[in-house]
Amino acid sequence: MDIREAFARNLRLLRQAKGLSQEELAHRADLDRTYISSLERSVYSPTIEVVDRLASVLEVDAVELLKKS
């Protein structure tokens, strides 16, 4: 599993654990819902600023989004 796939999996799992829809996460992070969908499908790689924004909304350290397991 590469880093993009790990990020995609972690983003989806953390979002679902918080009970957030892609739309709600996008709204809170000031991003587009289609971008969230693309991140979760490993279509795009996020910038470090986006990783930080998403981690903040999800109330986790950014490293949690990047962990490979």
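Author: In this predicted model, α2 passes α4 in a right-handed crossing. The axes of these two helices come within 9 Å and cross at roughly 110°. An angle from 65 to 115 degrees counts as roughly perpendicular, and α2 and α4 are therefore roughly perpendicular to each other. On the side of α2, the contact is made by Leu25, Arg28 and Ala29; on the side of α4, Arg53, Leu54, Val57 and Leu58 take part. Sorted by class, the contact of α2 with α4 has 5 nonpolar and 2 charged residues, and no polar ones.

Two packed helices are described by the angle between their axes and the distance between the axes. The axes of α1 and α4 come within 10 Å and cross at roughly 25°. Since angles under 35 degrees count as roughly parallel, α1 and α4 are therefore roughly parallel to each other. The crossing in which α1 passes α4 is left-handed. From α1, the residues that make the contact are Phe7, Leu11, Leu14 and Arg15, and from α4 they are Val51, Leu54 and Leu58. By class, the contact of α1 with α4 has 6 nonpolar residues, 1 charged residue and no polar residues.

An α-helix has 3.6 residues a turn, so residues three or four places apart point the same way. This general point may be kept in mind when the lists of contact residues are read against the structure.

Is Leu58 buried or exposed? Its relative accessible area is 1%, and buried means under 20%, so Leu58 counts as buried. Leaving aside neighbours within four places in sequence, Leu58 is in contact with Leu11, Leu14, Arg15, Lys18, Leu20, Leu25 and Leu65. Leu58 and Gln16 are 42 residues apart in sequence, and their C-alpha atoms are 10.0 Å apart in space. Ala17 and Leu58 are 41 residues apart along the chain, with 9.2 Å between their C-alpha atoms. Ala17 is found in helix α1, and at 67% relative accessibility it counts as exposed.

Among the contacts of Leu58 is Arg15, a residue placed in helix α1. Arg15 counts as buried, at 9% relative accessibility. Neighbours within four places aside, Arg15 is in contact with Leu20, Ser21, Gln22, Leu25, Glu40 and Leu58.

The contacts can next be set within the nonpolar core. The largest nonpolar core has 16 residues, of which Phe7, Leu11, Leu25, Leu54 and Leu65 touch the most other members. The elements that give two or more residues to this core are α1 (3-17), α2 (22-29), α3 (33-40) and α4 (48-58). The largest share, 6 residues, comes from α4. Leu11 illustrates how such a residue is surrounded: not counting residues up to four places away in sequence, Leu11 touches Leu25, Leu39, Glu40, Leu54, Leu58 and Leu65.

In α3, Ile36, Ser37, Ser38, Leu39 and Glu40 are buried. The buried residues of α3 pack against α1, α2 and α4. Two of these residues, Leu39 and Glu40, are touched by Leu11, and Glu40 is also in contact with Arg15.

Finally, the loops on either side of α3 may be examined. Asp30 lies in the loop between α2 and α3. The phi of Asp30 is near 60°, a positive value in a residue other than glycine. At 64% relative accessibility, Asp30 counts as exposed. Ser42 follows α3 and lies in the loop between α3 and α4. Although Ser42 is not a glycine, it has a positive phi of about 65°.

Methods
Residues are numbered from 1 along each chain as its sequence is written. This is a predicted model: local features need pLDDT of at least 70, side-chain atom pairs count only at pLDDT 80 or more; totals for chains, interfaces and linings use all residues. Side-chain values use heavy atoms; hydrogens and water are left out. A nonpolar core is a set of buried Ala, Val, Leu, Ile, Met, Phe, Trp, Tyr and Cys residues joined through side-chain atoms within 4.5 Å. Buried means under 20% relative accessible area, exposed over 50%, partly exposed in between (1.4 Å probe, protein chains only). Helices (H or I, at least four residues) and strands (E, at least two) are DSSP runs, numbered from the N terminus. Contact means heavy atoms within 4.5 Å. Axes are lines fitted to C-alpha atoms, for helices over the stretch in contact, and angles run from 0 to 180 degrees between N-to-C directions. Angles under 35 degrees count as roughly parallel, over 145 as roughly antiparallel, 65 to 115 as roughly perpendicular and the rest as oblique. A crossing is left-handed if the near helix is turned anticlockwise from the far one by less than a right angle, and right-handed if clockwise. Ala, Val, Leu, Ile, Met, Phe, Trp, Tyr, Cys and Pro count as nonpolar, Asp, Glu, Lys and Arg as charged, and the others, Gly among them, as polar.
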